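I opened the file today and kept a notebook of what I looked up. The entries follow in the order in which I made them.

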Amino acid sequence: MIEVRDITKRYGELTAVQGVTFTVDKGEVLAFLGPNGAGKTTTMRILTCFMPATEGVARVAGFDCFEQPLEVKRRIGYLPETPPLYHELTVVEYLTFVGRLKGLHAGALRSALDRAVERLSLGDVRHRLIANLSRGYRQRVGLAQALLHDPPVLILDEPTVGLDPKQIIEIRELIKSLAGSHTVILSTHILPEATAVCQRVVIIDGGRIVAVDSPERLSARLRRSEKLSVTVKSPPPDLVKRFRALPGMLNVFDQTDPHVFLLECELGRDLREEIARFVVEQGWGLLELKTVSMTLEDVFLHLTQHEEGLGGTAEASGTVQVTTTLEGQPRP
Amino acid sequence: MTPVQAIIAKELRSFFVSPVVYVVGAVFLLIFGILSYLAVVNVGARAVQLMQLQGAAAQINLNDMVFRPTFYSTAVVLLLVLPILTMRLFAEERKLRTFELLLTSPIRINEVVVGKFLSVYLIFLGLLALTGLVPLILSLFSSFDWKPVLTGYLGLALMGALFLAAGVFTSTLTENQIVAAFLSFGLLLLVWLLGALGSVLGDTPAGNVISYLSFIEHYDRMVRGLLDSKDLVYYLCGVILMLFLAHRVVESESWK
């Protein structure tokens with residue numbers, strides 16, 4: 001449904017996006033994940049024909065974003081970073097205007113409007129001026145605008161910003177309900193969001209794609225060892241050394257808290273029992289022992305912060321080359 | 001409803017919920033009223049003078065004494081007032097980031113530009129129609145030649161279109177409305193002064209060309225009751241040029 005090949009965008013000297021390639025299948029929900037200024041918005045703007053790419057091809061539903069922008073625009077619902085709202089209009093007036101721009105008329109417009117108002121629970125504010133709406137409502141009006149003409153492709157730039165937790169859940173449910181019938185690209189820097197609603201995640205940093213995969217597989221791929229966190233009541237000074245001597249142990253880090261140790265064991269070996277026995281037998285007092293799983297957040301931080309260590313260009317979509325050794329201490 | 005109509009409807013709605021149109025309209029109509037009142041009072045005083053001198057009711061030409069000076073002064077008023085109407089058209093879209101909505105909707109840029117121009121032009125024509133009360137009321141009490149009045153109004157309508165198109169263009173250049181208004185004011189004043197520059201150069205080819213470029217020469221002829229196709233062509237081309245430039249600026253937005 002969406003095909004992006006080798007997109008590069010330069011603003012004068014600054015390269016915002018470089019060699020970005022990915023595809024999105026029909027009905028898929030894809031998340032763009034990346035720190036601010038990573039190139040998420042730029043990529044979205046290229047896809048929505050707001051600006052052309054300096055190099056490369058972007059196609060939506062088979063239409064080239066540069067050659068046939070009107071055809072592409074007809075098929076896309078776009079929520080920009082700042083919801084594009086006219087403050088002097090009421091919600092209904094605004095949605096009517098947007099509907100007309102999208103080519104909806106009379107009956108179709110009315111039913112589309114009612115559906116969007118209902119989907120985003122805007123019924124209470126339909127005749128209020130947008131200027132007087134709270135931030136959450138404004139964001140929802142922006143979403144209603146994107147969904148209004150029921151486009152096959154939705155591009156949502158940080159759709160849940162400014163919403164309260166209940167609304168965030170509602171919007172995530174809404175996006176999930178769109179999956180299958182609609183192709184959705186959304187950008188976010190809220191990681192649980194990506195895990196909650198997306199089948200695939202594109203991690204983008206410094207204008208380059210660092211990884212493309214499902215959230216689960218991303219964290220699995222980066223897990224090169226089992227990690228345990230151990231809290232000991234009265235550790236002897238050479239405990240780090242003693243832990244290292246255990247069979248199957250790869251590395252031991254002491255933390256800022258002198259009682260807490262982080263152990264890295266060989267992949268596929270569970271050393272919890274042995275460590276428990278070891279500490280208890282020596283009478284040091286075992287207070288806590290737990291496995292540390294790598295969350296998407298860790299993956300994200302590793303990929304975007306240790307960028308120089310990565311062989312990090314994902315060549316075809318769905319493949320990741322992560323050739324980094326995860327130096328430094330993983331976050332507990 | 002076509003995209004152009006949708007944009008006109010939305011812009012008119014936006015104009016009428018903001019105080020700008022009411023303030024600008026009220027000030028414009030008030031000044032127009034005062035100008036024509038002063039002209040009429042002036043004529044009255046002259047008539048009394050002439051009566052005392054000649055001892056009989058003198059023939060006073062209202063076209064020369066009332067309408068022509070009023071039309072000339074109105075040109076200056078429009079120069080000051082119309083940039084205020086156009087300044088928000090694109091500058092505000094930029095500021096509020098609604099530009100992104102327009103440029104990612106399945107409409108053409110020229111539809112946006114033309115829609116916005118037509119919306120503000122309709123407002124201007126409405127104001128102009130209201131000033132029509134002055135000649136209508138005067139016609140109840142005296143007789144004058146309607147033809148130059150009508151060509152004068154046509155001149156105002158055409159010159160207003162040019163002013164508004166220039167304002168639409170400058171509004172695309174910036175996100176600051178005051179800058180947009182001032183730019184169009186400056187641009188128009190500059191073109192106006194070309195007329196003076198042309199007359200300094202006199203009847204030379206360069207002088208004629210420069211004079212032709214100034215809108216005031218063309219307006220002057222219409223106020224005097226002359227209807228010439230070259231004046232109509234001048235305004236038409238001016239409007240198209242300005243809207244074309246506006247289109248270009250909006251289009252280039254995406255190439256930055």
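**Ground rules.** I am working with a predicted model, in which local features need pLDDT of at least 70, side-chain atom pairs count only at pLDDT 80 or more, and totals for chains, interfaces and linings use all residues. Residues are numbered from 1 along each chain as its sequence is written, chains are lettered from A and ligands numbered from 1 in the order in which they are written, and side-chain values use heavy atoms, with hydrogens and water left out.

**Chain A as a whole.** I looked up the secondary structure and found 11 helices and 14 strands in chain A. Helices (H or I, at least four residues) and strands (E, at least two) are DSSP runs, numbered from the N terminus. Chain A has 332 residues, and 53% of them count as buried. For this, buried means under 20% relative accessible area, exposed means over 50%, and partly exposed lies in between (1.4 Å probe, protein chains only). I then looked at contacts (heavy atoms within 4.5 Å). Among those in chain A between residues at least 6 apart in sequence, 67% join residues at least 24 apart. The accessible surface of chain A is about 14,600 Å², and carbon and sulfur atoms hold 49% of that. Accessible areas come from the Shrake-Rupley method with a 1.4 Å probe, and for residues only the protein chains shown count as cover.

**Where chain A meets chain B.** I asked how many residues each chain brings to the contact. Chain A brings 29 residues and chain B brings 26 residues. The area buried between them is about 2,700 Å², with 64% from carbon and sulfur atoms. Buried area here is the accessible area (1.4 Å probe) that two parts lose on being put together, summed over both. On the chain A side, A:F50, A:Y86 and A:L101 lose the most area to chain B, together 25% of what that side buries.

I counted 6 residue pairs in polar contact across this interface, both residues at pLDDT 80 or more. A polar contact is a pair of N or O atoms within 3.5 Å; within protein, one must be able to donate a hydrogen and the other to accept it, and residues adjacent in sequence count only if both atoms are side-chain atoms. Strand 1 (2-11), helix 2 (69-74) and helix 3 of chain A each supply at least two residues of the side that touches chain B. Helix 3 gives the most to that side, with 6 residues.

**Salt bridges.** Side chains of opposite charge can pair when their charged atoms come close. The rule I used asks for a side-chain nitrogen of Lys or Arg within 4 Å of a carboxyl oxygen of Asp or Glu. It gives 24 salt bridges over all chains, and 3 across the interface of chain A and chain B. One salt bridge pairs A:E93 with B:R13, with the closest N and O atoms 2.9 Å apart.

Another pairs B:K10 with A:E88, at 3.8 Å between the closest N and O atoms. B:K10 lies in helix 1 (residues 3-17) of chain B and A:E88 in the loop between strand 6 (76-79) and helix 3 (91-101) of chain A, so this pair joins two chains. Both B:K10 and A:E88 are buried.

A:E158 and A:K40 are both buried.

In chain B, B:D220 and B:R224 form a salt bridge (2.8 Å, N to O). B:D220 is partly exposed at 21% relative accessible area, and B:R224 is partly exposed at 41%.

**Single residues.** Is A:R45 buried or exposed? A:R45, in helix 1 of chain A, counts as buried because its relative accessible area is 18%. Not counting residues up to four places away in sequence, A:R45 touches A:F50, A:M51, A:Y78, B:R97 and B:E100.

A:S111 sits in helix 4 (residues 106-119) of chain A and is partly exposed, with a relative accessible area of 44%. A polar atom of the A:S111 side chain lies 3.1 Å from the backbone oxygen of A:A108.
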